[in-house]
Amino acid sequence: LSAGGFSFGDIMTMVTEEVYLKTRAQQLPWTNSSLRRVLNFGEPLETDEDDDEAAIKGERRKLLLSIATTPPIQRDDVEALASEEAVPLDALYGMLNVLGVDTASGDGLEDQLRTGAARLKELLANKSGAVKADPELERLSKLAEAAEAEGAISLALKYRDEASGRADSLLQTKQAEAERLRQDVVDIAATYADNAATAILNFEHLRAAELFGKAYAAVKDWDGGRALIYRIGQADALTDHGYYGGDNQSLIAALKDYVDAQSLAPKESAELDWAKLEDRIGQTMQTLGERLADSSTLQESVTHYEAALSVRTEAAVPVDWAKSQNNLGNALYSLGARNSDVALLEKSLVAFDAALRVFTREAEPIRWATVVNNRAASQVQIADVTYFSTQDEEMAAMMAGEADPSNIPAVKAARQAANAAIDEAIELVRGALSQDLRAGNPLDWAMLQHTLATALVQRGEMNKSADDLKAAVAAYRQVLEVHSREQTPAQWLRSSNNLAIALKELSDITDDVETLKQAIGIYREVAAATSRTDMPLDWADRQESLGNALAMLGDYEESVEPLEEALKVYALAGEVTTLERGDILKWQQLQTSISTTMMMQGIKIFDKPTVERAKAIAEAARDTLVELGYPTDFYDAYLPQVDAVLGLFPQ
């Protein structure tokens, strides 16, 4: 009655349709009137309504009157669709009016109804319901929602348009604020990254990883390019800590971060970044694989390098291609050295030579020196494998009474080939070494110096050259001036171990017991500092090296204590150096050391059971080699010598 301006019939019609809508078509009142003329109500009563509320009510009344003209059949269709789609009846009728659907017509009504219902359902589903921060946006949104609820869709659109106008004026201001905020976040992240870079210079790699992680977290939702850079920086810092600090857990964490970074640089849209990450993953897996007994991680690193090279081509990105070639060469070298596989080592030379096509001394002197170093290390390893392959023949010749077993044809030929390879490697490395390099890049200088020392040891051992071995000792000591136990423990361990090897070989040539004792002292320190969990292969090798030095000392001294200790550390090494590990020659070498040391012990204490145990170990090793198809020349010559010793004991 407060509406005003409507006839009595219209008022009653609106009441009827309001009940119809509110009850979702469950009730439909009817009106019985005997009025003979049109009865109009006067002006609307004064209310406290504002203009917007009045406008919504006005649109509602128009909707109610339009619904009243809808034929019953069409009403049924609308009601069924509203129920089926779970949308309000009044909103659906309002939507149909806005869409221009003629509910009084039967032509194509079903398709029109379904189109309208689908759009209404989508609209309702996409409403966020969140309170707007801006008061005017909130007011206009509430009015639009109220209008939609009353079926006043055209009026709701008007409010939405006004809200969008308000949003336009806000957007420019907020975008400027967002850009300022984005720049602030980028600056904060850059501050962390700059701090990380300084931490790396101070060899605080874990601190650098933490800071790069903060930088990544700060920008990951603001700047994808910087986020990728910082994620890679975090992984690189963890890799460096794992490499220099001997920390395998850091390497594992780095691999996870590299994989996360690849989600920011998928191959489909950022193939060069993806390839860079494949290369980084290969490097980290290679470092980890070199420490683990299982070769699968090392082999997997090769797969990642090959994946990187499928994108990094020489024509497209020559420098990156050369980097990956060098890294591939290093992985092939590690696999070849572990398995004494000359074919793999020669493949590594092919990769290094490829890298040297780009990294020339003139264009890239530092990288050239690095690749030259790596190539030289592989050459030295080839020489070592070549020469070592004749060790059994030399030992068998000695056992057979050969006056000069080191110069039988097979050994002499292998030594000549090995010497040629080592001489070339030494010449290359010496050509790359310089004082300028030591001053500007001490780590690269130490790497070259280490390779030079290793080559000198190999040449000195083959040729019984005390001068080469003394030069190697001096070179390793210089390396240890760069690699300290505190800053680069992994490199300190390796160089210290190799220094002990050089001292032991020098003692063997010069018969200098004091030099041997120096070697034993270093071996003890290195063996104690090597983690069996993180570096099982190195741990076992260093235990065996200590045992070899102790056995050698036992040969010099009257006491059997060095021999007893040697057997104890051999037993420890044997827990890792097993047949299951797959390195048959390494296993054979350990069995030989145990047997010969035990026989020496038995002779010194004149104990037949000890010598018999030495024989049993040698026989078991020989039988295993026969079963696996390996030569047994050494044991064929050695076992009769053991029998001769046993013949010295009373029956």
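How many residues does helix α1 have, and how far does the helix reach from its first C-alpha to its last? In this predicted model, helix α1 spans residues 8-22, which gives it 15 residues, and it reaches 21 Å between those two atoms, close to the 21 Å expected at 1.5 Å a residue. The buried residues of this helix are I11, M14, T16, E17, Y20 and L21. An α-helix has 3.6 residues a turn, so residues three or four places apart point the same way. Just after α1, R24 takes a positive phi of about 50°.

The protein chain averages a pLDDT of 88, and 94% of the residues score at least 70. Among the elements of the chain, helix α5 (residues 109-125) has the lowest mean pLDDT, at 70, while helix α12 (residues 296-309) has the highest, at 96.

Ring pairs link F203, Y243 and Y244 into a cluster, and the charged end of R231 sits over the ring of Y216, 4.2 Å from its centre. Across the whole structure, a search finds five aromatic pairs. One of them joins F634 and Y635 in an edge-to-face arrangement, with 5.0 Å from centre to centre and 70° between the planes. Both partners lie below the 20% cut-off for burial: F634 counts as buried because its relative accessibility is 3%, and Y635 is buried because its relative accessible area is 0%.

Leaving aside residues up to four places away in sequence, Y635 touches Q588, Q591, T592, A618, A621, R622, L625 and P640. S595, found in helix α25 (residues 584-605), is likewise in contact with A618, and it also touches A614, I617 and Y638, again not counting residues up to four places away. With a relative accessible area of 0%, S595 is buried.

Conventions: Residues numbered from 1 in each chain as written. Predicted model: local features only at pLDDT ≥ 70, side-chain atom pairs only at ≥ 80, totals over all residues. Heavy atoms only, no water. Phe/Tyr/Trp six-rings, centres within 6.5 Å; stacked < 30°, edge-to-face > 60°. Buried < 20%, exposed > 50% of the residue type's maximum accessible area, 1.4 Å probe, protein only. Lys NZ or Arg CZ within 6 Å of the ring centre and 35° of its normal. Helix = DSSP H or I, 4+ residues; strand = E, 2+ residues; numbered from the N terminus. Expected span 1.5 Å × (residues − 1). pLDDT = per-residue confidence, 0-100. Contact = heavy atoms within 4.5 Å.
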